[in-house]
Amino acid sequence: MTYLENKFSLEGKLAWVTGATYGIGYAIALCYAKAGAKIAFNSRHRDGVEKALEEYRKDGVENVRGYVCDVTDESQVLATRDMIEKDFGQTVDILVNNAGIIKRIPMTDMSADDFRQVVDIDLVAAFIVSKAVIPAMIRKGGGKIINICSMMSELGRETVSAYAAAKGGLKMLTRNICSEYGKYNIQCNGIGPGYIATPQTAPLREKQPDGSRHPFDSFIVAKTPAERWGETKDLEGPALFLASEASDFVNGHILYVDGGILAYIGKQP
Ligand code: NAP
Ligand code: GCO
């Protein structure tokens, strides 16, 4: 292998990407497979897992297994971790805490249950799954944990109070795992995607009844120096960097992949 291939190779590594049946998680898992990793992924619905397995195989990924697991349920997570280790004959080297939801509701209209559900999936689950894999990473001499944060790890906006609270917390959980486990050669970093075209953001890009662009679509394009929405492929390189030995001395960092949004005041209307 060339110097570069070595630096970014995931040959022999086992990556668990949560919520990777489609969207950002799928793109990251596919990229890791192309870099040589074995792939474990999960989501809540068997039909979604089966459909994703077909897609992975159509995309040329052979060493991949899918699991039905709700990441907020610690007993399901521990059972899935054990199944992954048994099925692949090795422990998890790379964990991507990707599974996430959003509920866009004005805070004063939002129920506490709705708020808790978002925080449970977007924050508490990252704690649960990380806690499940860290002991084996310590025994193994190291590992990589990548938490999928957000613009809302830094910024707020109307209707996303639960999501912003969760993603802000995820930024600090990332830094805390770095602080507590860095001595075991575990690197825990975050990726903060900008606005990416996936099912999660589809409502923000829907054409208006008159065929015009959604106002939020135009707003985001004006707020992004790249003057476009991100695509899941824009996250592949950053995700591979943080999963590979190329980032062995990068820890507790949130890598924003946002086309420049956080640096920009926005285009003059
Ligand atoms: P998405 O298209 O809605 O996909 C979410 C994935 O998570 C699906 O596979 C979903 O599968 C899974 N999931 C949700 N809840 C789960 C649970 N409790 N247990 C297991 N799996 C669960 O979302 P996305 O746009 O790809 O986003 C992925 C991550 O990136 C999320 O954390 C999101 O907050 C973050 N993010 C997205 C953007 C963006 O612009 N799209 C930007 C920044 C950050 P099931 O529903 O079948 O379980
Ligand atoms: C929203 C969007 C954002 C993106 C992403 C931005 O409603 O504002 O869904 O939250 O999903 O998190 O980084």
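Asn185 sits in the loop that links H6 to S6, where helices (H or I, at least four residues) and strands (E, at least two) are DSSP runs counted from the N terminus. Although Asn185 is not a glycine, its phi is positive, at about 65°. With a relative accessible area of 38%, Asn185 is partly exposed; on this scale buried means under 20% relative accessible area, exposed means over 50%, and partly exposed lies in between (1.4 Å probe, protein chains only). The model is a predicted one, in which local features need pLDDT of at least 70 and side-chain atom pairs count only at pLDDT 80 or more, while totals for chains, interfaces and linings use all residues. Residues are numbered from 1 along each chain as its sequence is written, chains are lettered from A and ligands numbered from 1 in the order in which they are written, and side-chain values use heavy atoms, with hydrogens and water left out.

A second residue belongs in this part of the description. Thr159, in the loop between strand S5 (143–148) and helix H6 (161–181), has a phi near 75°, again a positive value in a residue other than glycine. Most residues other than glycine have a negative phi. Thr159 counts as partly exposed, at 25% relative accessibility.

The sheet comes next. Seven strands form an open sheet with parallel pairing, in the order S3-S2-S1-S4-S5-S6-S7; two strands pair if DSSP finds at least two bridges between them. Strand S3 (64–68) and strand S7 (254–257) stand at the edges with a single partner strand each, so one side of each has no neighbour in the sheet. From one strand to the next the twist averages 20°.

Three bridges join S4 to strand S1 (residues 14–18), in parallel, and Val17 has Val96 of S4 as its bridge partner. S4 also pairs with S5 in the parallel sense, over four bridges; in S5, Ile145 is the bridge partner of Leu95.

Two helices complete the picture. The axes of helix H4 (residues 74–88) and helix H5 (residues 112–140) come within 9 Å and cross at roughly 35°; axes are lines fitted to C-alpha atoms, for helices over the stretch in contact, and angles run from 0 to 180 degrees between N-to-C directions. The contact (heavy atoms within 4.5 Å) involves Glu74, Val77, Leu78, Arg81 and Glu85 of H4, together with Ile128, Val129, Lys131, Ala132 and Ala136 of H5.

Arg81 is buried, with a relative accessible area of 18%. Not counting residues up to four places away in sequence, Arg81 touches Trp16 and Ala132. A polar atom of the Arg81 side chain lies 2.9 Å from the backbone oxygen of Ala132.

Terms used:
Polar contact = N/O pair within 3.5 Å; in protein donor to acceptor, adjacent residues only side chain to side chain.
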